[in-house]
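Let's explore a protein model together, one question at a time. Have a look at the structure first.

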Amino acid sequence: MVITSKTNTLIKRVIKLNADRKYRKEEGLYVVEGIKSVSECIAAGCEIEKLICTENHSQTFPQSVIVSDSVFGAISSEKTPQGVLALVRLPQNDLQPPSYKCLLLDRLQDPGNLGTIIRTANAAGYSEIYLVNCTDAYGPKAVRASMSGIFFVKTVCCTLEEAFKALREVPLICADMDGENIFSFCPPEKFCLCIGNEGGGICSEIMEKSAYKVKIPMRETCESLNAAVSAGIAMYQLKNTLSRG
């Protein structure tokens with residue numbers, strides 16, 4: 001049976017999951033779209049509630065609900081839909097102290113930035129990420145930008161007070177233009193790298209609790225770097241300095 005109606009209950013549910021963060025939380029689900037992303041989601045062992053695809057992908061994903069091309073276009077968040085998506089169970093990550101180096105992201109609002117940071121964190125081995133008043137890591141734009149990194153890191157949404165409690169024995173390293181040159185800085189073995197809001201930077205409460213402040217040196221003609229770019233440079237520099245030590 002092929003679903004051809006855009007008013008089908010499942011179809012309306014997918015559309016709402018893509019659009020509404022509160023609904024994603026209530027349902028405990030998020031949407032993963034694209035052949036590669038869905039395949040990697042399955043391989044990562046994520047809990048998939050339902051697969052949905054168009055007829056031409058039914059052999060590759062045999063357990064799927066089949067929908068028409070026009071219906072899939074209605075539920076897709078992609079500019080060029082590939083015809084495959086999954087409804088995936090949100091992980092239940094408890095707030096705990098980190099096991100090693102980690103990230104604290106303060107009020108990031110751009111889902112592309114957040115997803116890119118998650119992607120880089122996965123690549124660089126920062127497997128725990130504390131999200132304080134950030135955009136939704138499981139929204140479609142962030143999931144897409146994470147390039148499957150969201151399946152392999154532990155994200156925890158928390159208040160600033162909860163983050164401080166979990167990180168009370170972990171030195172905070174803040175990215176700040178008044179800090180020490182990151183390329184000559186030697187980090188402790190265990191730390192939390194803090195990245196701030198795209199426009200406002202890191203809040204004063206985090207700055208006050210930071211053990212270290214580091215900066216990425218730039219030419220005078222450049223005022224600042226994109227948050228995701230800064231985070232990527234900092235993650236790898238701190239990791240490589242540790243490795244050399």
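Q: In what order do the strands of the open sheet lie?
A: This is a predicted model, where local features need pLDDT of at least 70, side-chain atom pairs count only at pLDDT 80 or more, and totals for chains, interfaces and linings use all residues. Residues are numbered from 1 along each chain as its sequence is written, and side-chain values use heavy atoms, leaving out hydrogens and water. Strands (DSSP runs of E, at least two residues, numbered from the N terminus) pair if DSSP finds at least two bridges between them. With parallel pairing, the 6 strands of the open sheet follow the order E8-E7-E6-E10-E9-E11.

Q: Which strands stand at the edges?
A: A strand at the edge has a single partner strand, so one side of it is left without a neighbour in the sheet. That is the case for E8 (154-158) and E11 (212-215).

Q: How many disulfides does a search of the whole structure find?
A: A disulfide is a covalent bond between the sulfur atoms of two cysteines. Here it is counted as a pair of cysteine sulfur atoms within 2.5 Å. For Cys134, the nearest cysteine sulfur, that of Cys157, is 7.6 Å away. The search finds 0.

Q: Is Cys203 buried or exposed?
A: Buried means under 20% relative accessible area, exposed over 50%, and partly exposed in between (1.4 Å probe, protein chains only). The relative accessible area of Cys203 is 12%, so Cys203 is buried.

Key: Helix = DSSP H or I, 4+ residues; strand = E, 2+ residues; numbered from the N terminus.
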